[in-house]
Amino acid sequence: MSGLLNHGDNTDKKRENPDKKVEVSAATVSRSAAGFGHDSSDVIPTFDVNMRLDNHARNAILALAKTTADKRTAAEMVTILIENYVSSLNPKTMDTYEELLNMLETKDSLNYKLKKR
């Protein structure tokens, strides 16, 4: 408080403030890297949805997520489980799965475009 009354009369005495020794580095980001300038018609939107599970399935997913080394989220754990299951499908079932997945992704994309209007 007493420093407020000294109006800078002591020019030879420099006060060091540790908060002012902050170095800031900024990286340049191109417009395309930020998502501008490209056609968004090919982009499949990602948005949050809810899925109904019983409490036992939810608890199992959360327990699996927390026991991994990276302490993953439930959504990440579900994605890992899906990838592992899909990798074990036989070719005929895999083709059917991919067709259904593409159909559902196209539906999401169309719904997203209609909502943006």
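How do the residues of the lining of the largest pocket divide into nonpolar, polar and charged? In this lining, 14 residues are nonpolar, 2 are polar and 2 are charged; Ala, Val, Leu, Ile, Met, Phe, Trp, Tyr, Cys and Pro count as nonpolar, Asp, Glu, Lys and Arg as charged, and the others, Gly among them, as polar. The model is predicted, with pLDDT of at least 70 required for local features and 80 or more for side-chain atom pairs, whereas totals for chains, interfaces and linings use all residues. Residues are numbered from 1 along each chain as its sequence is written, and side-chain values use heavy atoms, with hydrogens and water left out.

The protein chain contains 3 helices and 0 strands, and its elements run α-α-α from the N terminus on. Helices (H or I, at least four residues) and strands (E, at least two) are DSSP runs, numbered from the N terminus. Of the 117 residues in the protein chain, 6% are buried; buried means under 20% relative accessible area, exposed over 50%, and partly exposed in between (1.4 Å probe, protein chains only).

Helix α1 (residues 55-67) and helix α2 (residues 74-87) have axes that come within 9 Å and cross at roughly 95°. The axes are lines fitted to C-alpha atoms, for helices over the stretch in contact, with angles from 0 to 180 degrees between N-to-C directions. The two helices, α1 and α2, are therefore roughly perpendicular to each other (65 to 115 degrees; angles under 35 count as roughly parallel, over 145 as roughly antiparallel and the rest as oblique). On the α1 side, Ile61, Leu62, Leu64 and Ala65 meet Ala74, Met77, Val78 and Leu81 of α2, where contact means heavy atoms within 4.5 Å. By class, this contact of α1 with α2 has 8 nonpolar residues, with no polar and no charged ones.

Individual residues around these helices were also examined. Arg58 lies in helix α1 and, at 43% relative accessibility, counts as partly exposed. Arg58 and Ala74 are 16 residues apart in sequence, and their C-alpha atoms are 8.4 Å apart in space. Leu53, in the segment before α1, touches Arg58 and Ile61, not counting residues up to four places away in sequence. With a relative accessibility of 44%, Leu53 likewise counts as partly exposed. Lys71 is found in the loop between α1 and α2 and counts as exposed at 54% relative accessibility. The phi of Lys71 is near 50°, a positive value in a residue other than glycine.

The largest pocket has a volume of about 760 Å³. On a 1 Å grid over the protein atoms alone, a pocket is an open set of points with protein on both sides within 12 Å along at least five of seven lines, whereas a cavity is a set where a 1.4 Å probe fits but cannot get out; lining residues have an atom within 4 Å of a point. Grid points are joined across faces, edges and corners, and a volume is the space filled by probe spheres set on the points. The largest pocket is lined by 18 residues, of which Val49, Met51, Ala75, Val78 and Ile82 lie nearest its centre. At least two lining residues come from each of α1, α2 and α3 (91-116), and α2 gives the most, with 6 residues.

The second largest pocket has a volume of about 290 Å³. Among the residues lining this pocket are Ile44, Pro45, Phe47, Val49, Leu101 and Glu105. The lining of the second largest pocket divides into 6 nonpolar, 1 polar and 3 charged residues.
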